[in-house]
Each structure stands twice: as C-alpha cells, then as structure tokens.
Amino acid sequence: MSELTVVGLGPMGSTMAETFLAAGHRVAVWNRTESKTGPLVAKGARRAATAADGELLVISQIGYQAMYDSLGEAGLEGKVVVNLSSGTPDELREAAGWVAERGGTLITAGIMVPPPGIGKPGAYTFYSGPEEVLDRHAATLRALGEVTYVGEDHGLAMMYYQSQLLIFWSSLTSYMHATALLGTAGVAPKDFLPFASGIFTQLGGDGPMGYAKILADSFEAGVYPGEQNSLHMQAVGLGHAVEALEQAGLETTVPKALARLFERADAEGRGEEGLGTVIESIRKP
Ligand SMILES: NC(=O)c1ccc[n+]([C@@H]2O[C@H](COP(=O)([O-])OP(=O)(O)OC[C@H]3O[C@@H](n4cnc5c(N)ncnc54)[C@H](OP(=O)(O)O)[C@@H]3O)[C@@H](O)[C@H]2O)c1
C-alpha cells in the first residue's frame with residue numbers, strides 16, 4: 001500500500017487519515033496545531049516533519065490560504081498535491097500555478113460527504129486537473145469514496161462541489177422556513193418530515209414532480225413551456241407564501257429574494273413561460 005501525508009486535521013482531515021489507515025495505507029499527518037496529530041499517531045500514523053513531508057499530500061483545510069501558509073517556501077519537486085479544501089474556482093486555478101512553480105502537480109477536489117460519510121457507500125469526490133496524475137493515485141484516493149473526474153480545468157471540481165452545495169443549502173433553508181411556518185400552527189417537525197422527504201425524492205425522480213429532469217430537458221432545449229403552470233402563476237403563489245411567513249411572524253429574507261427573482265423574470269415579459277425561464281434572469285443579473 002502507498003504512503004500519503006494528510007495535511008489539515010479538522011473533522012474532515014482527521015477522518016480521512018483514519019480512513020486511509022483503515023484501508024491499509026501508510027499515513028503521515030501534519031496539522032498547524034500539532035496536538036491534533038496525537039490520536040492519529042496513536043492509531044499508527046507517522047507525524048510528518050513538515051506539511052510538505054511526503055510524495056502525495058492530501059490537504060483538507062478551511063481554504064487555500066491555509067495551503068500557502070502550511071507549505072510556505074517548501075520545494076514540491078515531483079510531488080502530487082491533492083487539495084480537498086473549499087475555495088473559489090479562480091483561487092484553485094491560481095493555486096495550480098503556484099504548486100507548478102514549485103515543481104509539483106495540483107489536483108483539486110471537492111468531497112461531497114460530511115465526516116461520517118467518508119469512505120462509506122455513496123461517498124464521492126469531484127476531482128479536476130491532469131487526469132493521468134489523478135489516475136496514478138486513484139486507487140489510494142478511492143478509500144475516501146468514488147473518484148469522480150470532471151476535467152482538466154482546475155476550477156471545475158470546486159464548481160461541481162459548489163453547484164451541489166447551492167442545492168443543499170438553499171433547499172435545506174427552505175425546509176427550515178417550511179418547518180418554522182408549520183411550527184407556528186403547532187405542527188411538529190417529525191409530522192412534516194414525511195412530506196418534506198417526499199418532495200426531495202420526487203424532485204429528483206421521473207414523475208410529474210421530477211423537476212430536476214424536467215428543467216434539465218428545458219435548459220437543453222432552451223424552451224420553457226408554461227401552458228400548464230406559468231411562471232406568473234408561481235410568482236403570485238410565492239408572493240402568497242412570503243405573506244404567510246410574515247403573517248406567522250417569521251424571517252423572510254430568502255423567500256423574499258426568491259420572490260424578487262421570479263417577479264423580475266415575469267416583469268421581463270416571460271411570465272407565460274414555465275419556471276425554467278428564471279435561469280435566463282440568473283444568466284443576466
Ligand atoms: N465538515 C464537513 O462536513 C465538510 C464536508 C465537505 C467538505 N468540507 C470542506 O473540508 C475542508 C475541511 O473542513 P473541516 O470541517 O475539517 O474543518 P475546517 O474548520 O474547515 O478546517 C480546519 C483545518 O484547517 C486548518 N487551518 C485553518 N487555517 C489555517 C491556516 N491559516 N494554516 C494552516 N492550517 C489552517 C486547521 O488547522 P488548526 O487545527 O491548526 O486550526 C484545521 O486543520 C473545508 O474546506 C470544508 O469546506 C467539509
């Protein structure tokens with residue numbers, strides 16, 4: 001089994017190091033706050049002398065500045081740096097140049113599970129950068145979950161990761177508004193849960209509520225049929241939902257922002273089209 005160095009021992013990096021150890025790899029660990037290496041060293045990891053101590057560096061930190069701070073002026077000749085930290089796509093592209101200037105190769109990544117999911121069925125990570133370099137380490141990285149290569153452009157892994165998180169954050173925030181609204185009428189979260197779970201599942205499915213697919217087909221075709229449920233009708237309905245939240249004495253920033261976006265698409269003259277026409281307003285802020 002290969003040796004790798006895990007740099008960054010927050011909840012994610014620590015679990016990654018444990019997962020690599022459990023898969024039989026030789027693991028070195030480095031963290032800015034050295035005390036976090038203790039539990040992993042007790043499980044068989046080697047304490048790395050520096051963040052650049054190793055040929056395969058797997059980084060999981062708060063952001064890309066932490067990588068610069070950790071590696072400092074270390075030479076990276078021949079090393080492969082796989083960074084699973086959050087950043088902006090442009091930051092990742094710039095980081096690829098920074099690593100290359102030091103003689104190394106950067107693979108950027110976005111991991112799609114929280115710590116308890118690392119290495120478990122269903123876990124996957126988006127990777128971008130040079131595919132042949134990723135291929136050399138894919139067998140090792142597979143310990144964390146499925147290796148999903150999305151392209152040469154170093155920014156792509158983060159764009160896929162953030163695209164998933166936009167859906168995660170916005171749908172779960174709406175779920176909180178919904179739970180709070182029903183809560184004002186005495187409905188318990190557990191009583192709403194089956195309906196919330198139902199719509200999450202239906203939206204990703206194939207039926208009449210399978211809107212992920214319905215909209216993807218629309219976006220591909222560039223047409224947004226609205227005969228059966230126009231955007232105008234939905235803008236009016238969303239306005240009513242915002243009023244319902246206000247009447248219940250709740251916070252409305254996000255639903256109001258959604259309502260403004262729908263109203264704008266309507267005011268731009270596309271109210272008779274379907275919901276998918278909103279993407280045209282998103283594309284032209
Ligand atoms: N947690 C999740 O559910 C989850 C899921 C998917 C992806 N992610 C991503 O995974 C990454 C790690 O997340 P996390 O939850 O483990 O914890 P985190 O709070 O995002 O990061 C903690 C790590 O960053 C290090 N760090 C912060 N600033 C630093 C600096 N200037 N120099 C060196 N090290 C620095 C910390 O070192 P110290 O210990 O010394 O403070 C620690 O090792 C993040 O980018 C996050 O967005 C998280």
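The shell around the ligand in this predicted model comprises, by class, eight nonpolar, 11 polar and three charged residues. In total 22 residues surround the ligand, and the closest of them are G10, M12, R32, T33 and P114. Two elements, α1 (11-22) and α3 (64-71), each give two or more residues to this shell. Of the elements that contribute, α3 gives the most, with four residues.

The chain itself is divided by the domain assignment into domain 1, covering residues 3-154, and domain 2, covering residues 161-283. The centres of domain 1 and domain 2, taken over C-alpha atoms, are separated by 36 Å.

| Helix pair | Residues | Crossing angle | Axis separation |
|---|---|---|---|
| α6 and α7 | 156-183 and 189-203 | roughly 135° | within 10 Å |
| α9 and α10 | 231-247 and 253-270 | about 155° | 9 Å |

For the pair α9 and α10, the axes lie 9 Å apart and the packing angle is about 155°. Because angles over 145 degrees count as roughly antiparallel, α9 is described as roughly antiparallel to α10. The crossing in which α9 passes α10 is left-handed. On the α9 side the contact is made by L231, H232, Q234, A235, L238, G239, A241, V242 and L245, while α10 supplies P255, K256, L258, A259, F262, E263, A265, D266 and R270. Sorted by class, this contact of α9 with α10 holds 11 nonpolar, three polar and four charged residues.

For the pair α6 and α7, the axes come within 10 Å and cross at roughly 135°, an angle that makes α6 oblique to α7. Here the crossing in which α6 passes α7 is right-handed. The residues that meet are Y175, A178, T179 and L182 from α6, and P189, F192 and A196 from α7. By class, the contact of α6 with α7 has six nonpolar residues and one polar residue, with no charged residues.

Definitions and conventions: Residues are numbered from 1 along each chain as its sequence is written. This is a predicted model: local features need pLDDT of at least 70, side-chain atom pairs count only at pLDDT 80 or more; totals for chains, interfaces and linings use all residues. Domain bounds come from an automatic or database domain assignment. Axes are lines fitted to C-alpha atoms, for helices over the stretch in contact, and angles run from 0 to 180 degrees between N-to-C directions. Angles under 35 degrees count as roughly parallel, over 145 as roughly antiparallel, 65 to 115 as roughly perpendicular and the rest as oblique. A crossing is left-handed if the near helix is turned anticlockwise from the far one by less than a right angle, and right-handed if clockwise. Two residues are in contact if their C-beta atoms, placed from the backbone, lie within 7 Å. Ala, Val, Leu, Ile, Met, Phe, Trp, Tyr, Cys and Pro count as nonpolar, Asp, Glu, Lys and Arg as charged, and the others, Gly among them, as polar. A residue is near a molecule or strand if its C-beta atom, placed from the backbone, lies within 6 Å of it.
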